[in-house]
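Good morning, and thank you for joining. I would like to take you through some side-chain interactions and then through the confidence values.

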Amino acid sequence: MSDYLLKAVDINKSFAGVKALQGVSLEIKPGEIHCLAGENGCGKSTLIKVISGVYQPDSGYIEFDGKRYSQITPLGAIAMGIQVIYQDFSIFPNLTVMENLAFNTELAAGHKLVNRKRMRKIAEEALSKINFDMELDRLVGSLTVAEKQMVAICRALMFNAKLIIMDEPTTALTKKEVSALFEIILKLKAQGIAILFVSHKLNEVFEISERFTIFRSGKLIVTGDTRELDDKKFSFYMTGREFENEKFKPSFESQGNVLEVKNLSLTGAFEDISFGLRRGEILGITGLLDSGRTELALALFGIRQATGGQILKDGSAVTIKSPRDAIACGIGFVPEDRLSEGLFLPRSIGDNIIISEIDRLTKGPSVLDRKACQAEIDKWVRELAIATPDPNNASSTLSGGNQQRIVLAKWLACKPDILILNGPTVGVDIGSKHDIHKILQRLADQGMAVIIISDDLPEVLENCSDLIVMKGGRIVATLDPGETDENTVLSHMM
Amino acid sequence: MDLKKTVRKLTGRSEFYILLVFIALCLLIEVRSHQFFTPNNIVDLLSALVVPGIFAIGEFMVIVSGGFDVSFPALASLTGFAVTKLLLNMDYQGGVWLPILMTLAIGGLLGAFNGLFIGYFELPAMIVTLGSSSVFKGFMQGTLNSKQLATIPVGMRNFGTSALFVAQNKQSGLTSRMPTTFIALVVVLVLAWFLLNRTMFGRGIYASGGNAVSAHRAGFNVKRTRFLMFVFVGMISALAGMCRVCMMQQMHPTNMLGMEMNIIAGVVLGGTAIVGGSGTLFGCMLGTALIVVVENSMILIGIPTVWKDVFVGALIVLGTGLSAMQVTRAQKASLRNVRKEAAK
């Protein structure tokens with residue numbers, strides 16, 4: 001018997017000539033919480049799929065519980081005690097909690113007929129494994145994200161799991177839900193179950209894991225004890241680059257406010273918001289989820305209409321009742337959920353870049369000028385270093401960081417005076433995050449006024465020249481990011 | 001508390017609203033005409049429900065699995081024509097069992113054609129059935145050189161004209177026959193209910209309609225499930241076509257073509273989610289019955305038959321729209337309750 005529960009040794013896997021995994025290895029001890037980290041496209045997901053039998057490796061082998069396997073099938077992996085909790089949880093929103101919990105067991109047992117009594121028993125047993133209480137007849141679609149995750153975890157536990165792989169389990173959870181999840185993970189560990197926790201979030205890696213492995217571009221970079229890891233090393237291992245974290249200092253000289261907000265209110269969302277913004281400044285707005293920060297952004301861009309107060313652009317009052325009004329005032333907006341609000345995912349990268357300035361790229365009445373479009377697309381792909389072999393590819397083919405660059409490019413192409421970004425780096429990997437920050441700072445230095453709305457405190461502290469903290473729909477503090485720290489900001493937020 | 005829960009559960013389901021509309025419509029017709037709740041009218045309606053009802057059951061399964069089948073009228077016509085023609089050529093004099101078996105066999109085969117492309121090649125059901133609809137039609141009209149068949153084998157004719165019982169309206173003296181084919185509807189309904197709710201195969205249809213990737217990961221054989229389902233749907237649709245031929249006592253090759261839209265409308269009206277994954281056979285039957293009632297009873301309240309299509313159309317828009325709105329509202333309310341409880 002070896003000391004390891006799972007050993008993946010020298011795994012190679014290529015797709016159509018692209019090497020997704022190049023001789024990587026991974027070792028997990030029984031009952032250990034192991035974190036697998038790496039940027040998007042580094043091969044994390046591919047390795048998970050090899051371990052769970054979805055993909056067959058081109059070479060290499062897997063040792064589990066002391067036995068050596070060169071090929072694993074999905075059913076084989078489940079029988080061995082390997083369970084994967086995918087990012088989308090693999091649940092059925094249209095069916096009840098009971099059916100969601102019991103299907104896998106029923107299918108594995110080869111039952112052809114439905115026996116509701118037996119299924120109910122299976123479901124109850126599943127929930128009891130982590131002492132979780134839930135109505136079995138509720139439709140899973142009506143549950144919160146965290147509850148859905150619990151359903152997925154309970155289901156995974158039904159197969160005497162020895163190893164549970166969680167693929168970025170915290171992406172859609174609130175802070176409170178994340179700590180609840182971590183408690184469950186510790187409970188599982190106490191039962192002797194090993195957890196492979198896939199994440200690219202630094203703080204989570206530190207908080208939960210005992211050992212870590214980092215991949216980059218399909219190669220194993222480092223593996224070791226989490227205790228020996230720190231911020232700097234982590235970023236370096238992930239990206240292969242060293243980042244100097246410079247605080248932003250506005251350098252663009254300007255007089256007078258380009259945007260001034262006076263006593264702006266939106267009933268039920270925020271009240272009495274006033275601030276001024278000059279060209280070349282980056283204003284940070286932070287606060288908890290229910291602080292009204294998102295609604296404020298939406299009101300400034302005309303998606304929601306403010307019920308009171310005034311917005312002044314270059315000193316004169318303007319009415320912003322729709323996104324069209326806002327664009328006419330020179331305001332651009334990068335929304336929180338870029339997938340559903342910011343991008344036409346199936347359309348090409350190029351189409352997405354030029355969509356908001358399409359009125360200008362015409363010759364004659366309303367006929368698109370192809371050449372001008374292409375020039376514009378090439379320019380922004382180059383300028384923002386969007387990593388794509390061809391701008392005609394669909395936007396959905398890009399990683400989160402590159403998608404966010406498209407959204408940025410789209411707005412920059414309209415040359416706005418004011419750019420509002422809501423959560424500009426949510427779900428973006430470290431390297432891209434850094435690049436996006438650099439781009440924003442450069443834009444400010446060129447004379448744009450930028451508003452960053454974010455609850456990522458290091459992000460606002462590092463990049464903003466002013467910081468507003470919101471709580472319960474009101475401004476509770478205006479801070480100088482150069483002279484404050486995370487704890488001070490947090491104490492205002494809570 | 002339990003009563004409240006039950007009410008909330010009911011109001012969260014669109015079948016509930018369709019039932020209300022259905023009852024309201026029946027009452028309206030009764031008040032205007034005093035002819036609705038008469039034995040012969042009800043038997044007439046049930047008799048008119050047989051063919052659309054069986055079609056709807058097949059369509060219901062396809063929509064739950066996450067697709068649309070627009071090929072069933074062509075499939076039923078081709079099967080009906082082929083079976084009738086073959087038996088006429090053979091000068092078949094026996095009972096109805098051989099025609100039904102042949103219908104199920106050919107229907108299953110044509111369904112397998114759909115299922116092969118949709119299940120195993122993973123093509124969208126709507127596109128495949130649009131195509132196969134033309135193929136079936138073309139095959140019937142071209143290769144089989146279809147013409148109207150004025151007579152049908154005696155066994156089929158007897159099956160179509162025999163009655164379970166005869167209902168009489170005591171006032172007017174009008175009589176209506178409850179056709180034996182109604183048994184076909186009941187049998188298909190019971191079998192489909194069992195298949196969908198009591199077998200893992202049926203739950204697999206629901207599961208893959210909700211999330212096909214998850215269904216695959218959970219261990220359902222999604223491809224085979226879809227393939228087999230289309231075989232069943234082919235058999236069900238072909239059986240409906242055979243009932244139609246028997247009841248009309250002639251084979252009219254183009255008579256059923258164009259029925260697909262009203263059938264789909266009835267299924268969706270009954271609360272079946274167009275994105276797949278949810279819906280009940282009860283709702284499916286209710287929605288279909290509603291359309292049958294509107295189609296047959298407008299004349300009873302003095303609305304000229306030319307306005308029938310307008311009424312059916314308006315019903316579809318209003319019925320689906322209203323119930324969708326109500327359901328969203330009920331779900332939002334229950335979500336609010338959940339949040340409130342969480343906040344406590």
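Ser208(B) belongs to helix α9 of chain B, residues 200–210; helices (H or I, at least four residues) and strands (E, at least two) are DSSP runs, numbered from the N terminus. Ser208(B) counts as buried because its relative accessibility is 5%; buried means under 20% relative accessible area, exposed over 50%, and partly exposed in between, with a 1.4 Å probe and protein chains only. Leaving aside residues up to four places away in sequence, Ser208(B) touches Ser65(B), Ala215(B), Val222(B) and Arg226(B), a contact being heavy atoms within 4.5 Å.

I turn now to salt bridges. Over all chains, the whole structure has 18 of them, each defined as a side-chain nitrogen of Lys or Arg within 4 Å of a carboxyl oxygen of Asp or Glu.

One pairs Arg279(A) with Asp417(A), at 3.7 Å from N to O. This pair links distant parts of the chain, 138 residues apart: Arg279(A) is in the loop between β12 (270–277) and β13 (282–287), and Asp417(A) in the loop between α14 (400–412) and β19 (418–422) of chain A. Arg279(A) is partly exposed, at 28%.

Another joins Asp456(A) and Lys433(A), with the closest N and O atoms 2.7 Å apart. Asp456(A) lies in the loop between β20 (449–453) and α16 (457–463) of chain A and Lys433(A) in helix α15 (residues 430–445), so the pair ties together parts 23 residues apart in sequence. Shared partners also join Arg279(A), Lys313(A), Asp314(A) and Asp417(A) into one network of salt bridges.

Finally, confidence. The mean pLDDT of chain B is 88, with 93% of its residues at 70 or more; pLDDT is the predictor's confidence in each residue, from 0 to 100. Over residues 338–344 of chain B, pLDDT stays under 50, and the model has 1 contact beyond four places in sequence for them. Where pLDDT is low, the predicted coordinates should not be read in detail. For the complex, the predictor gives an ipTM of 0.82 and a pTM of 0.76.

Notes: Residues numbered from 1 in each chain as written. Chains lettered and ligands numbered in written order. Predicted model: local features only at pLDDT ≥ 70, side-chain atom pairs only at ≥ 80, totals over all residues. Heavy atoms only, no water.
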